[in-house]
Amino acid sequence: MTFDEPLREILLQTDDLDWVEKSLDGLSHKMLWRDPETEASIALVRFEQGSGIPSEHKHASNQFMFCLSGRYVYLPTGTTLTKGSFYWNPKGVVHGPTRAEETSVLLEVYDGPHYPERPSFYDNDEDAR
């Protein structure tokens, strides 16, 4: 974008977006925004009750999550996200596995790419973005 191009606002009604299933069973998302250059992103993610991330992993950027509903637990530490919880996981910190004790919807923000390499719990590169 150059300074000569007009800026515009964008409004999404998230209820109008379909949940897109990922290759990890019980996980779906609604992508709200992604920067194609930096791979920063904002999405709604939904973990069905009993699902979660099955193994330790780390991210290639800072991860921020705000819990809109449910109960989402980081098993090794007991860190539990419930409605209104804000969670920050700094770049490179190993965390997980996790489990949704209730169906959980989280607003998830990354300030860069999600993973340094695709984790084994996804079967394709797109799901790791």
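Buried means under 20% relative accessible area, exposed over 50%, and partly exposed in between, with a 1.4 Å probe and protein chains only. The views show a predicted model, in which local features need pLDDT of at least 70 and side-chain atom pairs count only at pLDDT 80 or more, while totals for chains, interfaces and linings use all residues. Residues are numbered from 1 along each chain as its sequence is written, and side-chain values use heavy atoms, with hydrogens and water left out.

**View 1. The salt bridge between Glu 126 and Arg 129.** A salt bridge is a side-chain nitrogen of Lys or Arg within 4 Å of a carboxyl oxygen of Asp or Glu. In this pair the N to O distance is 3.4 Å. Arg 129 is partly exposed at 30% relative accessibility, and Glu 126 is partly exposed at 48%.

**View 2. The network of Arg 71, Arg 99 and Glu 101.** Salt bridges with shared partners join these three residues. Between Glu 101 and Arg 71, the closest N and O atoms are 2.8 Å apart. Glu 101 belongs to strand β7 and Arg 71 to strand β4, so the pair ties together parts that are 30 residues apart in sequence. Strands (E, at least two residues) are DSSP runs, numbered from the N terminus. Glu 101 is partly exposed, at 31% relative accessible area, and Arg 71 is partly exposed, at 32%.

**View 3. The salt bridge between Glu 48 and Arg 46.** The side chains meet at 3.1 Å, N to O. Arg 46 is buried, with 18% relative accessible area, whereas Glu 48 is partly exposed at 33%. The structure holds five salt bridges.

View 4. On a 1 Å grid over the protein atoms alone, a cavity is a set of points where a 1.4 Å probe fits but cannot get out, and lining residues have an atom within 4 Å of a point. Grid points are joined across faces, edges and corners, and a volume is the space filled by probe spheres set on the points. The structure holds one cavity of 30 Å³ or more, and the volume of the largest cavity is about 200 Å³. Strand β4 gives the most, with four residues.

Definitions and conventions
1 Å grid on protein atoms, 1.4 Å probe; cavity = no way out; pocket = protein on both sides within 12 Å on 5 of 7 lines; lining within 4 Å.
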